[in-house]
Amino acid sequence: MAEVSFKKDVEALKLGEGQVFHGEGIMAVTKALLQSGVSYVGGYQGAPVSHLLDVLVDAEDMMSDLGVHLETCTNEASAAAMLGASINYPLRGAVTWKSIVGTNVAADALSNLSSPGVVGGAMIIIGEDYGEGASVIQERSYAYAMKSSMWLLDPRPDLPTIVRMVEKGFELSEASHAPVMLELRVRACHVTGEFAAKSNRASAKSGLNRIDGPPRFDYARLAHPPLTFLQEKLKVDQRMPAAQAFAREHKLNEFFDGDIKDLGIIVLGGLTNTVLRALARLGLADAFGNARIPIYCLNLAYPLIPEEMKQFCVGKRDVLIVEEGYPDYVEQAVNTELRRADIQTRVHGKGALPKAGEYTGEIMLRGIANFLAATKPAGIDAAEIVAKADALLGHKGAAVKAVGELPPRPPNFCTGCPERPVFAAIKLTQKELGPTHVSADIGCHAFATFAPFSMGNSILGYGMSLASAAAVAPNLKARPISVMGDGGFWHNGLITGVASSLFNKNDGVLIVMQNGYTSATGLQYMPSSKASRQGQAPGMDIESTLRSFGVKWLRKVRTYNVSTMMITLKEAMKTTEPGLKVIVADGECQLARQRRVRVEDATKLKAGERVVRTKFGVDDEICTGDHSCIRLSGCPSLTVKPSPDPLRTDPVASVIESCVGCGLCGEVAHAAVLCPSFYRAEVIQNASPWDRFLHRVRRAVISVLAPKQVAA
Ligand code: SF4
Ligand code: SF4
């Protein structure tokens, strides 16, 4: 079992009425779902919400006691479609994925869910991966909420608020008959705190108490014309006013008072802590979040509630809208509502704050200082505030001046990753055949876009590599190579890429990295994994699936075998056989393997059994210091150290302790005909009598053959 265990987190999900929950925001959401009486949950993993699904998988026994159905979906579209259960039935359900990418994939189902609306509360927990650490394109989910008339909760990162928004979110969905998105930024997922738990609640209708039969046929429950025209009207005429009324009545948004009455800040809930921290650093708030400038916190980011917003702005000379990214939807809406009501409050937003990009602590500090400099409120010295911001932000420039810009440190494949050798093989093949268009994809293999491989001409989305090469192949002299992970293959690569390529009789080369898990999202099982959350393998495999689709040219190669991979690649590139050529690059995710092997080895060592670990090393007397091995590998365990030879100044290659002995170093040295400086060693613990005997023989032979030390 390679999946990480969350048994400890599961214990926190069992807390009852009045007990205190301590932990992270994402776990608080998980607990709040169970307190809300959900009948079903599902989703597709992705940062920063993978943990939600991982924990629910480990909590499956407890969930079945509550009658909650759990579905680990094959992509976000299937997760969104699951919410269809809430269209006809009084069933509460929640699904989760990473946004914006997952919301893009789910868009069709979301539109068709929002149109007829729901009777049971339907919630989508989206990990809003917007910001500097994001691994996806920078777009926001706000636009989806607006276009589909789904309500968007963006809770203030504070555990009681997050839990309340989950619970109220279901009520909001039911009161307005619309799905609700609950947006969690990375910081909201990982904020820690506590809240008073409630007992978990079994739904009145669930797997434990099933509904009698389907409902009476009701055409209005279908997203199908001509009803869709009526449904569009319902969204704006009935559902949105119902949502706004519910939000007002239940005080989903929060007002925080302050003594600088002529100013105000309207902030999206998720950004509130960053605003409060910036105000505190500028001396305008205390450490407990009591600010001098009044704040209107939008835990419900969409729709806006005009009455509340106008009530906040009346009597204020200037307000600052804090809304990350572009377009400035909230700023436009606030401006429109104020003008309609003839309220003359000036609106600041983009300008004081940047149009695009994450509002980090530094950016927020500067933005608020800019706002104060422009508005010069009574009672504070704006110039002093700006000077304070300059002083707080000045250290970075001074550090750059002193030591220069630090080099970027992009992420990399893990030590011993099975995907690294494939790119070494592509690199070596390209040396012979010339450069090739490489159509890259989402997954760990995207690390090959960084040095030392710097490989990949386009990335169009998860599982999209082959499809994105469709118009490249007929226009280029050399066949393009598309690289896709097994996760991407099942997510949609099989249909969008393989089926489309075969259907159109396209030519091209596809490498499917078969590492056995959706590794980049935290090692979840997928259809071709060797195990599943239920134990046994799901019984779907990539090779037979490809053959059943009609792929004729298909090879399976162990990834670490660089020479064979090169031969196979060359054959795929040069063969006159038409159609799609697929290489299944097979090698278990090293991270998963190490997690498994480490436990197995520890058990063996405890029992006094023999354990062998393979290590690679570089003979520093032979290494010439040209570092071609590093340029062909990029393994973090392969580094440099000073040369022991005083006549050679170039540092030599060195393999450090973290080497897991994957064998790539030896393979690359062999395939690229590098120097013979690499050696392979076996570290044996609890050695057997035979091992000890062999060791003595070897030492004796070496001492005879080795040059004798001559006394000076
Ligand atoms: S998680 Fe697995 S597949 Fe991903 S880089 Fe690490 S070893 Fe490679
Ligand atoms: S053998 Fe080489 S590539 Fe493999 S883990 Fe060790 S140093 Fe890294």
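Strands are DSSP runs of E of at least two residues, and helices are runs of H or I of at least four, both numbered from the N terminus; two strands pair if DSSP finds at least two bridges between them. The model shown is predicted, with pLDDT of at least 70 needed for local features and 80 or more for side-chain atom pairs, whereas totals for chains, interfaces and linings use all residues. Residues are numbered from 1 along each chain as written, chains are lettered from A and ligands numbered from 1 in the order written, and side-chain values use heavy atoms, without hydrogens and water.

**View 1. Open sheet of 5 strands with mixed pairing.** The strand order is β9-β11-β10-β13-β14. Because β9 (254-256) and β14 (346-348) stand at the edges with a single partner strand each, one side of each has no neighbour in the sheet. From one strand to the next, the twist averages 20° (axes are lines fitted to C-alpha atoms, for helices over the stretch in contact; angles run from 0 to 180 degrees between N-to-C directions).

**View 2. Parallel strands β10 and β11, with helix α14.** Strands β10 (residues 263-268) and β11 (residues 295-298) are joined by 4 bridges. I266 has Y296 of β11 as its bridge partner. Helix α14 (residues 329-340) lies across β10, β11, β13 (318-322) and β14, and runs at about 180° to β14.

**View 3. Open sheet of 6 strands with parallel pairing.** The order is β16-β15-β17-β18-β20-β19. At the edges are β16 (458-459) and β19 (553-558), each pairing on one side only. Strands β18 (residues 508-514) and β20 (residues 580-586) share 7 bridges, and M513 has A585 of β20 as its bridge partner. Helix α19 (residues 486-503) packs on the sheet, touching β17 (481-485), β18 and β20, at about 145° to β17 (contact means heavy atoms within 4.5 Å). Helix α21 (residues 562-574) also packs on the sheet; it touches β17, β18, β19 and β20, and its direction makes about 165° with that of β19.

**View 4. Surroundings of ligand 1.** The shell consists of F413, C414, C417, E419, C444, N515, S519, C589, Q590 and L591 (a residue is near a molecule if one of its heavy atoms lies within 4 Å of it). By class, 6 of these residues are nonpolar, 3 polar and 1 charged (Ala, Val, Leu, Ile, Met, Phe, Trp, Tyr, Cys and Pro count as nonpolar, Asp, Glu, Lys and Arg as charged, and the others, Gly among them, as polar).
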